[in-house]
Amino acid sequence: MKMVVVMMIMMVMAMVSEANMIEQTCKETPDFNLCVSLLDSDPRGSSADTSGLALILVDKIKGLATKTLKEINTLYKKRPELKQALDECSRRYNTILKADVPEAIEAISKGVPKFGEDGVIDAGVEAAVCEGDFKGKSPLTSLTKSMQKVSNVARAIVRMLL
Amino acid sequence: MASSESLLPVTSQHDPLSESSSNSIPETRRRKPTKVHLVVYSGFLLIALYITLIVTHTRPVSTKGANDEKTVASRARLAGVSEKSNEHIWKMSDDREGEAFAWNNTMLSWQRTAFHFQPEKNWMNDPDGPLFYKGWYHFFYQYNPNAAVWGDIVWGHAVSKDLIHWLHLPFAMVPDQWYDANGVWTGSATFLDDGSIVMLYTGSTDKFVQVQNLAYPEDPNDPLLLKWTKFSGNPVLEPPPGIGDKDFRDPTTAWKTSDGKWRITIGSKINRTGISLVYDTVDFKTYEKHDILLHQVPNTGMWECVDFYPVSKTKHHGLDTSVNGPDVRHIVKASMDDTRIDHYAIGTYYDSNGTWVPDNPSIDVGISTGLRYDYGKFYASKTFYDQHKGRRILWGWIGESDSEAADVQKGWSSVQAIPRTVVLDTKTRKNLIQWPVKEIESLRLRSKKFHKKIGPGTVVPVNVGPADQIDIEADCETSGGATLRGALGPFGFSVLADQSLSEQTLVYFYVTKGKDSKLKTFFCTDTSKSTMANDVVKQVYGSFVPVLKGEKLTMRILVDHSIVEGFGQGGRTCITSRVYPTKAIYGATKLFLFNNATDATVTASFKVWQMNSAFIHPFSAVDDLVVPSST
């Protein structure tokens, strides 16, 4: 019975220290609240080291890019006059999914974080370029702004690995 | 930890329950009441979850208070180079007036260089194991066979007779062993006493550990060194105690100690201190690790691609890596992971204990105000001793400054700098001098000579015909000068410019007159107006350049499509930049000379050559007509 008690205490301590880990890490990013909400909501966040937290953020970038591409696809029908900008956004967001994310995952996992930094920075760049292509009349603003914010947070965490 | 205190009152409330349950049950029957255990277990679980919920949700929303200083300092470090490079792009997205821009294939295909080394497609990074053997210069490089971004790294391979005309060969090494399954990374070559070659390189193992491996040519009689054998006993080095599994990479060329052993150094870090570990070996298979480091510098972060070599104090030729003696200084160079800058320092090497001390600790390796090979985009550089011509040659990886979407669209990413000779500046003794290898002059076609005197605030066109593959050598003198304002310049060349100068890249000198009336000269490259594109980095690079009494200001510029390499004062200060014009391409690329001084007149004498392509292509039987000479 005593073993169970000890194990319970250790488990709670681990959960609390991991909670502190997320908090400490997020304090060093430009957007504490966003960072915490992204990491807390992920089941892997509770036991991840800095590398692991960075990989969770990359996964969020991937998810957001996928979601944005779906939205771009629906916009082709709803807003056919925006085809040219949507084409360019499609190209940009496909780059995030097919180039930036795999590069970041490989680099962070293998311990050469600078290439991971390249990938997450670029995700923000591609989102910004896509947004700019609509010349102020973007139907994707909240999604592109989200990507820029997540990219900022991800980059800050990847820099901690350098 | 405060949390353990808060737990005690909770658990003690339940202790009576657990104690009574364990005390009341005789030992022989303790396993039976599992229901009780389950209830207790889930009770604890619920409490643990409750506590965690409380703790995680009572966080300060803002980070004010005692932690502020640390946060600010670490944010400054976290900001680094990368944030600056993207700031303007995010501002652009808010600019409602901005032009929507898309790359087309005409613009992108123009970007490929004509005479800089690059593979036919995909991603390249660090130079590896450069060497000269049996009549051929060999170049190996980090390469991704599958994409235009970093990943899946193999060793690409190419050969050349003259460091300019390169011929692509099959991959030298791929990740086919457990000890390099996750990447065949950077390494260096050493020539043994009998003239044979050993290669040490970093492998990323199947468990993502960075180790050092030994390889050697499968057939030493093959001048093309097509095939490489990996030592069966690999890895020969694993991360030592106290060094992270992922902080151990890029072994150097070995040098001989006075004991007759071979010595190498490998960069790493301990917390935020950049360090260089030292190992001695006799056979490259087993090693003795030194307890003392070659060198370390606090707050510089991880040292990648460390390089260590001697330079002569008095002579202008290169030295073999093992040379030592009173005429010699030693250079320690490292690539700073944090800032993507290659730094070097000049100092003294102590062979007896394998340590090195910088001449000037205030500009030690990695210090931001210290010396750099290049003040632009230039990283992961590596030198080798060219025994064929008695030179030390420097290779540098020049990445892209554009978006990855453009790289994916154009299908490639990165070039190498033109190989440069490296010597100590025997006049100043405080810096190295780099210069493009002489063999590049074989690409010079027709030239035009100019002598122009231009007044303050003028820009003049320089008619040379096409201006996207040119070599410029210029010397400048100024007369007059703003004694009140204290600045002369900027003056120099506007390259990769279109007729209306809506796009232009400026390579120039900027001379300031201090309060003591001493002139201080800067050599700079301004890419901020180099393109209308809004998704590329457009930085201004520059650095102080030593100008000695009686010297004219001289500069050399190599323009090769999307790369500009500038050399100030004979190579005392070098700046490489990547440029992506949208209009100043093909026949529309022009060259201008400008003088933005308010008072001074500039007299420039210069020569501009059209540069031929190096026609870099895959090796074919036709390329091997001449029987190569042996070393």
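**The second largest pocket**

A: In this predicted model, the second largest pocket has a volume of about 630 Å³. Its lining counts 26 residues. Closest to the centre are B:Ile363, B:Gly370, B:Leu371, B:Lys430 and B:Asn431.

Three elements of chain B give two or more residues each to this lining. They are strand 16 (341-350), strand 18 (371-372) and strand 31 (540-544). Strand 31 of chain B makes the largest contribution, with 5 residues.

Sorted by class, the lining of this pocket holds 11 nonpolar, 9 polar and 6 charged residues.

Where does the second largest pocket lie relative to domain 1 and domain 2 of chain B? Domain 1 spans 124-436, and domain 2 spans 442-611. Both give residues to the lining, so the pocket lies between them.

Next, a sheet in chain B. Here 6 strands form an open sheet, in the order 25-36-27-32-33-34. The pairing is antiparallel. Strand 25 (444-454) and strand 34 (573-578) of chain B stand at the edges. Each has a single partner strand, so one side of each is left without a neighbour in the sheet. On average, neighbouring strands of this sheet are turned by 15° against each other, direction ignored.

Strand 33 (residues 563-568) of chain B is joined to strand 34 of chain B by 6 bridges. These two strands run antiparallel.

The largest cavity contains about 110 Å³ of space. Its lining has 13 residues. Those closest to its centre are A:Val112, B:Asn125, B:Asp126, B:Gln142 and B:Thr186.

Elements of chain A and chain B supply this cavity's lining. Helix 5 (113-132) of chain A gives at least two residues. So do strand 1 (122-133), strand 5 (184-191) and strand 14 (303-312) of chain B. By class, the lining of the largest cavity has 5 nonpolar, 3 polar and 5 charged residues.

To return to the pocket you asked about: it lies between domain 1 and domain 2 of chain B, and strand 31 of chain B gives the largest share of its lining.

Terms used. Residues are numbered from 1 along each chain as its sequence is written. Chains are lettered from A and ligands numbered from 1 in the order in which they are written. This is a predicted model: local features need pLDDT of at least 70, side-chain atom pairs count only at pLDDT 80 or more; totals for chains, interfaces and linings use all residues. Side-chain values use heavy atoms; hydrogens and water are left out. Two strands pair if DSSP finds at least two bridges between them. Helices (H or I, at least four residues) and strands (E, at least two) are DSSP runs, numbered from the N terminus. Axes are lines fitted to C-alpha atoms, for helices over the stretch in contact, and angles run from 0 to 180 degrees between N-to-C directions. On a 1 Å grid over the protein atoms alone, a cavity is a set of points where a 1.4 Å probe fits but cannot get out, and a pocket is an open set with protein on both sides within 12 Å along at least five of seven lines; lining residues have an atom within 4 Å of a point. Grid points are joined across faces, edges and corners, and a volume is the space filled by probe spheres set on the points. Ala, Val, Leu, Ile, Met, Phe, Trp, Tyr, Cys and Pro count as nonpolar, Asp, Glu, Lys and Arg as charged, and the others, Gly among them, as polar. Domain bounds come from an automatic or database domain assignment.
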